[in-house]
Amino acid sequence: MSTEVRIPAPFRRLTGNRARVRAHGSTVRQLLGDLESQFPGFHGMLFDEQGRIPPHIKIYANGQEITALAGLDTELREGDQVTIIPATAGGAPDIELTAEQRERYSRHIVLPRWGEEGQRKLMAAKVLVVGAGGLGSPVLLYLAGAGVGTLGIVEFDTAEISNLPRQILHHMHDLGRSKAQSAKQTLADNNPDVDVVLHETCLSTENALDIVRGYDVVVPAVDNLATRYLVNDACVLLKKPMVESSVLTYEGQCTVFLPGQGCYRCLYPAPPPPGLMPTPASAGVLSITPAVMGPIQAMETIKLILGIGEVLSGRLLLFDALAMEFRQVRIRRDPNCAVCGDHPTVTSLIDYDDFCGVAAKR
Amino acid sequence: MSITIRIPAPLRSLTGNSQTVEGSGASVRDCIDDLEGRFAGLKARICDDSSELRRFINIYVNGEDIRFLSGLQTPVKDGDELSIVPAVAGG
């Protein structure tokens, strides 16, 4: 079973500077063994002292991270492609920037800790944004502007006039139109290089894992708790980092949940009874609030992809527009968490409408 | 004894729209009872019928979640800051 393997820059000293080699193996494990026999020293660069692949090294089989498949036991077939990407300096994928892209991203490329290498990492990244509304609009605009290669959008609603003050992806001519389609058009008008993948469906227990699986980072930009808990649980089960935010009236919250380091249920173990939770329709939401929090979600997502700065993991950022104040409180993983704790009781997706005590969505 | 208590937006209708109030008490629970005495109805929004903290609301003392300290029995002292932070749903 012969498979093409894409070799990251730091490993090429072992392959005679070749970026692509062929190796044999029916599974990823066997493939890596063959790479070691062809290029001694490969194992030492890949595995840590405990014989495990450290979290900063990602291995993809046909574009899917193997941790979302069967790990090292992921089966391979003739013609498959395996890519090894260490998420550290020198791990940028082999993407050649065009002259236009160098110009487009020039203000980012000159930034410290960004460079063309960072730009290539963004262009290879896949981010899923759940919702193209108040938070989703600025998140998507800034991620597209920064050149994230693939943006998935989960959105099934149509644009209404009450959306327009804050849902800046949509315009007057989009009223009554699919928000997913209108989002795709607006993003393409800014940056046609971005591959916008639409998931024009209501995220559900039946489809969430399949949708989330193909992405590197998930950004919930939703307007209800049931979907928040659904996205959270899917991210925990699939070990995806999640950049969470929520807004109401003049306030916003934002944090980052990294796999194994806490989740939304650690923060809010249970939803309020129906009727006890104010909504944007009932309590209002100032348009500026998601306009502030959405770009913060985009920034945290970019930091995760580039591996720079300190993300909000372990911290809950609180924004108060009236006081014009940002505060932080410390949050942590709950060992008793139902889904990410030491003894999880939730090991598959549940009925989240029932969990939140709301009528089922359409 | 003066403890700064930050009131989240959904509860400010009960505190005359004040986002910060001064409170007193030796513990978080005492502070909540003190608040109830001055702003009737506030406790029921924070605690359930068993007087336990509702699971969609967190309280932080000086930035630390009381669930990982001593819960509502977490001691507080003069100069401490107590933040009430509920889950919000909007996006």
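**Loops, helix packing and a chain contact**

Student: A:Thr249 is found in the loop between strand S10 (242–248) and strand S11 (251–257) of chain A, where strands (E, at least two residues) and helices (H or I, at least four) are DSSP runs numbered from the N terminus. What is the phi of A:Thr249?

Tutor: This is a predicted model, in which local features need pLDDT of at least 70, side-chain atom pairs count only at pLDDT 80 or more, and totals for chains, interfaces and linings use all residues. Residues are numbered from 1 along each chain as its sequence is written, while chains are lettered from A and ligands numbered from 1 in the order in which they are written. Most residues other than glycine have a negative phi. A:Thr249 is not a glycine, yet its phi is positive, near 50°.

Student: Is A:Thr249 buried or exposed?

Tutor: The cut-offs are 20 or more other C-beta atoms within 10 Å for buried, 12 or fewer for exposed and anything in between for partly exposed, with C-beta atoms placed from the backbone. A:Thr249 has 21 C-beta neighbours inside 10 Å, so it counts as buried.

Student: Which loop holds B:Ser51?

Tutor: B:Ser51 also is a non-glycine residue with a positive phi, about 65°. With 13 other C-beta atoms within 10 Å, B:Ser51 is partly exposed. Its loop runs between helix H2 (42–46) and strand S3 (57–61) of chain B.

Student: How far apart in space are A:Glu78 and A:Ile288?

Tutor: A:Glu78 lies in the loop between strand S4 (64–65) and strand S5 (81–86) of chain A, and counts as exposed because it has 7 C-beta neighbours inside 10 Å. In sequence, A:Glu78 and A:Ile288 are 210 residues apart. From C-alpha to C-alpha, the separation in space is 52 Å.

Student: What distance separates the centres of domain 1 and domain 2 of chain A?

Tutor: An automatic or database assignment gives the domain bounds: 2–86 for domain 1 and 125–356 for domain 2 of chain A. Taken over C-alpha atoms, the centres are separated by 32 Å.

Student: Is H6(A) parallel to H12(A), perpendicular or oblique?

Tutor: Helix H6 (136–146) and helix H12 (288–306) of chain A pack with their axes 7 Å apart and at an angle of about 40°; axes are lines fitted to C-alpha atoms over the stretch in contact, and angles run from 0 to 180 degrees between N-to-C directions. Under 35 degrees counts as roughly parallel, over 145 as roughly antiparallel, 65 to 115 as roughly perpendicular and the rest as oblique. The angle therefore makes H6(A) and H12(A) oblique.

Student: Which residues of H5(A) meet H12(A)?

Tutor: Helix H5 (115–124) of chain A and H12(A) cross at roughly 110°, their axes coming within 9 Å. That makes H5(A) roughly perpendicular to H12(A). Contact requires C-beta atoms, placed from the backbone, within 7 Å. On the H12(A) side are A:Ile302, A:Ile305 and A:Leu306, and on the H5(A) side A:Gly118, A:Lys121 and A:Leu122.

Student: Which residues of H7(A) contact H6(A)?

Tutor: H6(A) packs against helix H7 (179–190) of chain A at an angle of about 35°, with the axes 9 Å apart. H6(A) contributes A:Leu140, A:Leu141, A:Ala144 and A:Gly145, and H7(A) contributes A:Ala183, A:Leu187 and A:Asn190.

Student: Which elements of chain B give two or more residues to the side that touches chain A?

Tutor: Contact between the chains involves 36 residues of chain A and 19 of chain B. The elements on the chain B side are strand S4 (64–65) and strand S5 (81–86).

Conventions
Two residues are in contact if their C-beta atoms, placed from the backbone, lie within 7 Å.
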